[in-house]
Amino acid sequence: MKAYFKLLAILLITITFVGCKTENTDKELVKREQVFWYTSPAEDWDNALPIGNGRLGAMVFGNPINERIQLNEDSMWPGSDEWGNSKGTPEDLAEIRNLIKTGQVHLADSLIVERFSYKQVARSHQTMGDLFINFEDKKVENYTRKLNLSEAFVESNYDVDSYNVSQKIFSSAADDVLVVKISTTNPEGLNYDLKLSRPDDNGHKTVEVTTPNENTIKMNGMVTQYAGAVHSKPVEIDHGVKFETVLQVQNDSGTINNIEGGLSLKNVKDATIYIVCNTSFYTQDFKLKNIETLQKVNNSSYKEILKNHIEDYQRLYNRTSINLGNHELDSLPTNERLKRVKEGKEDINFAAKLFDYGRYLLISSSRPNTNPANLQGIWNKDIQAPWNADYHLNINLQMNYWLADVTNLSECHKPLFDLTDRLIERSKILAKEQYGMRGAISHHTTDLWGTPWMRAVKPYWGSWIHGGGWIAQHYWEHYRFTQDTVFLKERAYPAIKAYAEFYADWLVLDERDNTLVSVPETSPENSYLAADGKPAAVSYGNAMGHQIIREVFDNVLESASILGIEDAFTKSIREKRSNLHSGIKIGQDGRLMEWDRAYEEPEKGHRHISHLYALHPGDDITIKNPELFEAAKKTIQYRLDNGGAGPGWSRAWIINFFARLLDVNAVEEHIDLFLQRSVYGNLLDIHPPFQIDGNFGFTSGIAEALLQSHEGFLRILPALPNNWKNGNIKGLKARGNILVDISWKDGRLDQLVLKSPVKKTIKLVYGNIEKTIVLEANKSTTLNNILKE
C-alpha cells in the first residue's frame, strides 16, 4: 500500500479525544472523532449506513461498482387528514362498561373493536426513492467504508488501477441539501451513470423522471398507497403528499450527457452531486423551494457547504461526549468487533460508540421544524413499511425521545411536541364525539396526519387509551430539564391540561372500594386469563393506566402552581387525584400487579413490562420505598425467567429499569446482551425487522446509569457498570437545567463539574454520601473531594 493509503488507514481507524472542555457552549465545541468502519460494501440494507438532516436522509451502501443510495424524506405519506376523527358513541362506551362490570369481558373485547376501532389500517410512511451510481466494472483494491459520527458523513475509499477513488456523502441541515462528492486521483477521471427512481406502488408508476438539462435530473410524484386498508378493508389511496426531488451535478472536468432517466458522466475527476427534495406537506410552493435551495447551493462552494454542515451538526453533537477508554480494538473493522461482541467477548468502548450513535441518529432524524422520528427514524426503504413506520404511542415514540434532554439535545425534542399539538386538536373532537367528554384522548398509534382514532383488529394492542397521557409526560419533563417557563405556559400546560380534562371525565366510581377507576382498560399488547381460563384484554383499571393518570394529574397541578393558576379546574383535579384508584400494588407473589386483580398470564415473558411505568419513565417508584424497589426487581426477573426482553427496545427499557433500581450488575449484563443480540451490521436496532427505538433507548439507559435527577436531586454514577473502571462523560443535562461532567477512576467518582445558568442550591448523592452545594450563575463548580466529605 502506498504511503498515502497507510496514512489514510491510520486516520480511519484511530479515534482521538482532544481537549474536552467542561463548558459546552456553541463556541467551545468538543473536538473528537468517532467512527464505524468496514472493509467491504454493504451487502444489504441492514448493513448500509444512515445519514440525515432531520428531514432528508439516506442509507448509503458504498458499492464501488453499482452504488445505491436509498433516499428518504420525513413527510412522504399517502392520503391526508381524512377518514374522520372518531367512531362510536357514548352509548357504546356505556354498554361496554356494563359488560365488563358483569364479567362479560370477551364480549366487551369484541365490541370495543367493533364499535370504536378503524381496525386494520395500511397507510405508510414511504421511501423517497433511490439514487443509483453505476461505475465501470473494474478491479477494486484497498476498500474502506466509514460512518463518521463526529462530522456526520459516510465515506468510502478504494483504489482502481492504482488510483484513489473517494465518495463522501452527508445531509446538511444548514443548507437543506444532500451532498455526494465523488473524486479520483486518476488524471483521466471516472465514467459512471446517475439514475433516480422510485418503486412502483402495487403496479402503479409513482414518479416521472426527466432530465431538463445536461446536469439535472428531476423526479416528480405523489405518494399513494394502492394496497392501502382501513376498517380492515382494502382501499386504493390514490392521493397524498406531492413532492419533487431534484439532482444537480457540478463537475470540474469531463462531460455530462443525458440518458434515459438519468445522466452519463465521462472522464470526470471531481463531481459534486446535490439532491434537494421538498413536499406539499411543508409548503404548496415546494418546487419553488427547491429552486431557492439550489440557488443558494450554487452561490456557495462545496467546502463552504461542508463547513456549514459540520459546524451546524457539531453545535448539537459536541455538547456531550463519553470516553470509556479501551480503544485497543479500534484497529479492527466494526463488523469484526461486532462479531467478537456477539461471541460474548468484552468490548467496553463499543458501548460508548452505541451511546454516541443514538445521539447521532436523533440529530439526523429529528430537528426543529421537521417531523418527529418515526418507528424507523427517517430511514425506510419500502412503499409499505413494517407497522407503517408510523408513530406507536404505547412506548416506541416515547422511547425515541428519552435521550433528548438528558444528552443536551432539547431542540431535537421539539418535533414531538409539534406532532402532538396537531394530534391534540383532533383528539379533542374524538373525545367529544366518541366518548362525550372534554379534553383530548389519543390511542396507541398515530401518523403524519395526527389521527386520534383507535386502530386495532385485536383489543389487547389497539384499544389502549393512554398514548396522549404518556406523551404529556414529555412536555413536563422538557420543562423540568430546560426550566423554560414560556414553553410551560404556552405549550406544556395546555397539552397536559387537555389530557387531564379527559381523564377527569373518564373516571368512574368503583363500587368495590369507592375509588375512581379507569374502565375499560388494557395493558399494552398483553392479555390476562379471565374466569373461564381464556385470554382477555379489557378490564377495570390496570397498573399502567392508573400510573399515567396519576402522573398527568400531578403534573398539571404542579404546572398550574408554577404558573400561579388556581381555579375550578385545578380544584376538581386535586379532588379526583385524592380519590384515584392506586396503580401501584404488590401481589401475593411479591411482584407488582399488572391488572387491578391477580390474574394468570398466558404470556409470562411478555416484552412489555408496562406496570413498571412508575419506575421508568415515571418517578413514583424510588429507593425511598424499598418494598416497591424489591417488587419491581421481582417483576422484571419474572419476565426474564420466562423468556422476556426479546426485541431490542424491550432490552433497552430493561437497562433503564435496572439503572433506576441502582442495580449495577444487571445494567452491565443487559448492556452486554443488547450489544450481542439487538443490533444489525450497521448497528441499527433489531426488532426484527429494524426499529430505531432500541438505539435511542440504549443511549438513554447509559445516561441513566451515569446520572439521575428524577428524585429532586442529582444522583451521580448510580449504576456505573463494574467493568467501566475509568472514564468520563461530559455535557449531560440534569433536571433544573444543570450541565454535568463526571470523571471516574478505578470505578470511583474522581471529579464532578456542574454549571447552572442561575444561582441555585442543589443536593448531590453519590452512594451513601450526600452533599448540598450552591451553584453560582454561569460559573462552573468543580468538586474533586466529594468522597472525602
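Predicted model: local features only at pLDDT ≥ 70, side-chain atom pairs only at ≥ 80, totals over all residues.
Visitor: Great. Let's go with the helices. How do α2 and α3 cross?
Guide: The axes of α2 (residues 90-101) and α3 (residues 105-116) come within 8 Å and cross at roughly 165°. That makes α2 roughly antiparallel to α3, since angles over 145 degrees count that way.

Visitor: Left-handed or right-handed?
Guide: The crossing of α2 with α3 is left-handed.

Visitor: And which residues meet there?
Guide: From α2 there are D92, L93, E95, I96, L99 and I100, and they meet V105, L107, A108, L111, I112, R115 and F116 of α3. Sorted by class, this contact has ten nonpolar and three charged residues, with no polar ones.

Visitor: I see I100 in that list. What is S539 in contact with?
Guide: I100 is one of the contacts of S539; the others are S518, V519, P520, E521, Y528 and W595, leaving aside neighbours within four places in sequence.

Visitor: Where is S539 found, and is it buried or exposed?
Guide: S539 sits in the loop between β27 (535-536) and α14 (543-563). It is buried, because its relative accessible area is 3% and the cut-off for buried is under 20%.

Visitor: New topic: strands. How many residues of β14 are buried?
Guide: Five of the seven residues of β14 (residues 216-222) are buried, so this strand is largely enclosed by the rest of the structure.

Visitor: Which strands does β14 pair with?
Guide: β14 pairs with β13 (residues 207-213) in the antiparallel sense over five bridges. It is also joined to β17 (residues 242-251), again antiparallel, by seven bridges.

Visitor: What sits between β13 and β14?
Guide: Two residues, and the two strands form a hairpin. Within that pairing, E208 has N220 of β14 as its bridge partner.

Visitor: And on the β17 side, what does G221 stand opposite?
Guide: G221 faces F243 in β17.

Visitor: What about the hairpin of β18 and β19?
Guide: β18 (residues 255-259) and β19 (residues 262-268) pair in the antiparallel sense over five bridges, and I256 is bridged to L265 in β19. Two residues lie between the strands, and G261 takes a positive phi near 75°.

Visitor: How do β29 and β33 pair?
Guide: They are parallel: β29 (residues 714-716) and β33 (residues 760-766) share two bridges. R715 stands opposite V765 in β33.

Visitor: Remind me what holds paired strands together in general?
Guide: Strands of a sheet pair through backbone hydrogen bonds, either parallel or antiparallel.

Visitor: Last one: T781. Where is its place, and is it buried or exposed?
Guide: T781 belongs to strand β35 (residues 781-783). Its relative accessibility is 18%, so T781 counts as buried, given the cut-off of under 20%.

Visitor: What does T781 touch?
Guide: T781 touches L752, V753, L754, I773, V774 and L775, not counting residues up to four places away in sequence.

Visitor: How is T781 placed relative to S756?
Guide: T781 and S756 are 25 residues apart along the chain, and their C-alpha atoms are separated by 9.1 Å.

Note on methods. Residues numbered from 1 in each chain as written. Heavy atoms only, no water. Pairing = 2+ DSSP bridges. Helix = DSSP H or I, 4+ residues; strand = E, 2+ residues; numbered from the N terminus. Axes fitted to C-alpha atoms, helices over the stretch in contact; angles between N-to-C directions. Parallel < 35°, antiparallel > 145°, perpendicular 65-115°, else oblique. Left-handed = near helix turned anticlockwise from the far one by under 90°. Contact = heavy atoms within 4.5 Å. Nonpolar A, V, L, I, M, F, W, Y, C, P; charged D, E, K, R; others polar. Buried < 20%, exposed > 50% of the residue type's maximum accessible area, 1.4 Å probe, protein only.
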